Amino acid sequence: MATIPEFFQAKNIFVTGGSGFIGKVLLEKILRSCPDVGNIYILLRSKRGKDLKERLTDLTNLPLFDVLRQKYPESFKKIVPVSGDCMELGLGLSPSDRQMLEENVSIVFHSAASVRFDDTLKYATLINARGTREVMLIARKMKHLEVLVHISTVYCICDRKVVEEVIYPPHADWRDIINIVENTDEHMLDVLTPKILGNLPNTYVFTKSLAEHVVKDLGENLPIVIIRPSIVISSLNDPFPGWIENFNGPVGLLIASGKGIVRVVFGSPNAVLDYMPVDVAVKLICIAAWEKARSGNLNPAVYNASSGKLKQITLNLLLDIGLEVIAENPLGNMLWKPSVYITDNRIIYFWMMTLLHLIPAILVDSLLKFAGKKPLLLRIQKRIFLASMALFHFASNSWHLKNDMMLWLRDQVLAADKEFQLKGVEYADEKEVFASATKGALVYLLKEPEDRTQARRLHTRFWWLDTILRVVIIISLLWIVYYREVQEHVLASICTFVKSIIHGD
């Protein structure tokens, strides 16, 4: 039986979304763990004035690829950028590039998607649903296709409390929705969007749900796999712990809390957050491709890449762990001592957000403006507020994400495939996971120095300021209460004295 590297040997791969978080890690993993792979064609478009070659250079120069650079420096020649765009019909491919893919590609990884929750229905549909349709139409013409893996999300079925590894009935007909967004005015679409979404909270999960049915319907008699990751966080081990490239998800919340920017969180303390390290998700993607190709089964395979019951963490526990990690390894340039209050009461959140976020932001921005510097905190708080509103549905609810098929899949890995073993990852210490995630954010996102001496001094300073302020507030409140009691006692004595005079006592 062929191992996973043997399966990938000499196979040409087509990857969409290769410049995204999961896509980059997938690209690095295949090149490093399957060094004899054929060419990897990666769909890219020109962006911010950079051509494909410049974009590919920027991508491969990331620290993520340092281990690969040392181990197999020649492997980067196998990455072939292909000009295209998932927003365009036919993926915007030239006739020659399309023919080249149809004649040479054996494996497709479709990872391209917009993951923003506030996209318009038109934009989200064109890239997430219609883009998937265009990938499937090309895949159907590939002469040597052995497997196509579509990266979905487990939350595209978030209107169900129990999510099994099956394709559920559609929320809408993808053909109708694509036709509507292609032929309806943007303003009219904005008006219709709430009704079209139904019970789903945003355009992201709605269009990702449509995309699963695009894959199912157009993938008939094709070797199809659907992988549904939960909340994807920084790498657990591979190629090293803590790799991350964005502030999305729990890590972003911990960083904002550690900076003292976020003091109140809009959500339920008991909401269970299901997270999946990006390297674990990528290994599952590779294993799933190998398993589908070797099985010869043409029924769509669905895997929830989720922790499920293996490891559960509540929002409250996550923040407790995060604040403990940050206290041991403080962030630089913090605005106040890290501390967070969680509430799912909208009125309480608005009041505390105004008191702890909005007013300090106005004061800090005023000081910055007075000093001749550019105000920024109010703009950041606006983004945090909008994100809190968008994420509330997920921060206040819990789902039972079944992952029996995922567990079965990881048990199929051969003993020889040491680079793809996943047994036991659920026993990783949560504090260590988020400690490495926080350190990764410090290094790769915030670019802060390794020496934390100054940050620790600042943290100590703010700890004393916060403690003194709390003591002052408590004393002030006690004094007000005491003063009121004294005032009431004096007034009562005066009234008694006046009454005695009036009655001649």
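Predicted model: local features only at pLDDT ≥ 70, side-chain atom pairs only at ≥ 80, totals over all residues.
Residues are numbered from 1 along each chain as its sequence is written, and side-chain values use heavy atoms, with hydrogens and water left out.

So, which residue does Glu245 form a salt bridge with? The partner is Lys24, and the closest N and O atoms are 2.8 Å apart. Glu245 sits in the loop between β8 (231–233) and α10 (249–258), while Lys24 belongs to helix α2 (residues 21–33), so this pair ties together parts that are 221 residues apart in sequence. Lys24 is buried, at a relative accessible area of 9%. A salt bridge here is a side-chain nitrogen of Lys or Arg within 4 Å of a carboxyl oxygen of Asp or Glu. By that rule, the count is 25 salt bridges.

Arg32 forms a salt bridge with Glu419, with the closest N and O atoms 3.6 Å apart. This pair links distant parts of the chain, 387 residues apart: Arg32 is in helix α2, and Glu419 is in the loop between α15 (404–411) and α16. Arg32 counts as buried at 6% relative accessibility, and Glu419 as partly exposed at 34%. There is also a network of salt bridges that links Glu28, Lys29, Arg32, Asp238 and Glu419.

How many residues of α2 are buried? The helix is mostly covered, with 13 of its 13 residues buried. Its end C-alpha atoms are 18 Å apart, which agrees with the 18 Å that 13 residues should span at 1.5 Å a residue; the expected span is 1.5 Å times one less than the number of residues. Helices (H or I, at least four residues) and strands (E, at least two) are DSSP runs, numbered from the N terminus.

Asp217 forms a salt bridge with Arg175, the closest N and O atoms being 3.7 Å apart. Asp217 is in helix α9 (residues 203–218) and Arg175 in helix α7 (residues 174–183), 42 residues apart. Asp217 counts as partly exposed at 29% relative accessibility, and Arg175 is partly exposed too, at 43%.

Now over to α16. Thr438 is found in this helix, which covers residues 430–445, and counts as buried at 2% relative accessibility. A polar atom of the Thr438 side chain lies 2.7 Å from the backbone oxygen of Phe434. Leaving out residues up to four places away in sequence, Thr438 touches Leu254, Ile255, Val325, Ile326 and Leu331, where contact means heavy atoms within 4.5 Å.

Finally, the whole chain. There are 17 helices and 15 strands, and buried residues make up 49% of the 505 residues. The C-alpha atoms fill a box of roughly 115 × 55 × 50 Å, taken along the principal axes. Among contacts between residues at least 6 apart in sequence, 84% join residues at least 24 apart.

How values were computed:
Buried < 20%, exposed > 50% of the residue type's maximum accessible area, 1.4 Å probe, protein only. Polar contact = N/O pair within 3.5 Å; in protein donor to acceptor, adjacent residues only side chain to side chain.
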